[in-house]
Amino acid sequence: SAASDVYKRQALSVGIECEQTVVDDGASTSVDRPQMRQLMEILEISDYKVLVVEDIYEITRNPEDLKSMMDRINDLGVTIFDLGTMSARYNNYAIEC
């Protein structure tokens, strides 16, 4: 789609080449939706290192669910890159000096 091409170009501008796209209409705030299940299946069986999202809150707007999903994704060795802030996003709550 035209939108996914724009996002791919944005990611490429910071050196991230997108090979696969999962399109989510964002109509549901639940993480238990077909697109999220498809995304997690792809991440679990692939060796992708970066997940590019238009906005981190597209995953879910529920803070606890978002924290859980970020943990699941990061535990797979995948970094989440947020095009909205043009930065990598992590759960930093557990990091201590």
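## Helix packing

Helices α2 and α3 pack with their axes 10 Å apart and at an angle of about 25°, where axes are lines fitted to C-alpha atoms, for helices over the stretch in contact, and angles run from 0 to 180 degrees between N-to-C directions. The two helices α2 and α3 are therefore roughly parallel to each other, a term for angles under 35 degrees, as against over 145 for roughly antiparallel, 65 to 115 for roughly perpendicular and oblique for the rest. On the α2 side the contact (heavy atoms within 4.5 Å) is made by M36, M40, L43 and E44, and on the α3 side by M69, R72 and I73. These residues of the contact of α2 with α3 divide into 5 nonpolar, no polar and 2 charged.

## Basis of the description

This is a predicted model, in which local features need pLDDT of at least 70 and side-chain atom pairs count only at pLDDT 80 or more, while totals for chains, interfaces and linings use all residues. Residues are numbered from 1 along each chain as its sequence is written, and side-chain values use heavy atoms, with hydrogens and water left out.

## The sheet

An open sheet is formed by 3 strands in the order β1-β2-β3, with mixed pairing; strands here are DSSP runs (E, at least two residues), as helices are (H or I, at least four), numbered from the N terminus. Strands β1 and β3 (87-89) stand at the edges with a single partner strand each, so one side of each is left without a neighbour in the sheet. From one strand to the next the twist averages 35°.

Strand β2 (residues 79-82) runs antiparallel to β3 and is joined to it by 3 bridges, two strands being paired if DSSP finds at least two bridges between them. The bridge partner of D82 is S87 in β3. Helix α3 packs on the sheet, touching β1, β2 and β3, and its direction makes about 120° with that of β2.

Neighbours within four places in sequence aside, I59 is in contact with V31, R33, M36, V53, L66, M69 and I73. V31 lies in the loop between α1 (2-12) and α2, and its contacts, with the same exclusion, are M36, I59, T60, D65 and M69. The C-alpha atoms of V31 and D65 are separated by 7.0 Å, although these residues are 34 residues apart along the chain.

How values were computed. Nonpolar A, V, L, I, M, F, W, Y, C, P; charged D, E, K, R; others polar.
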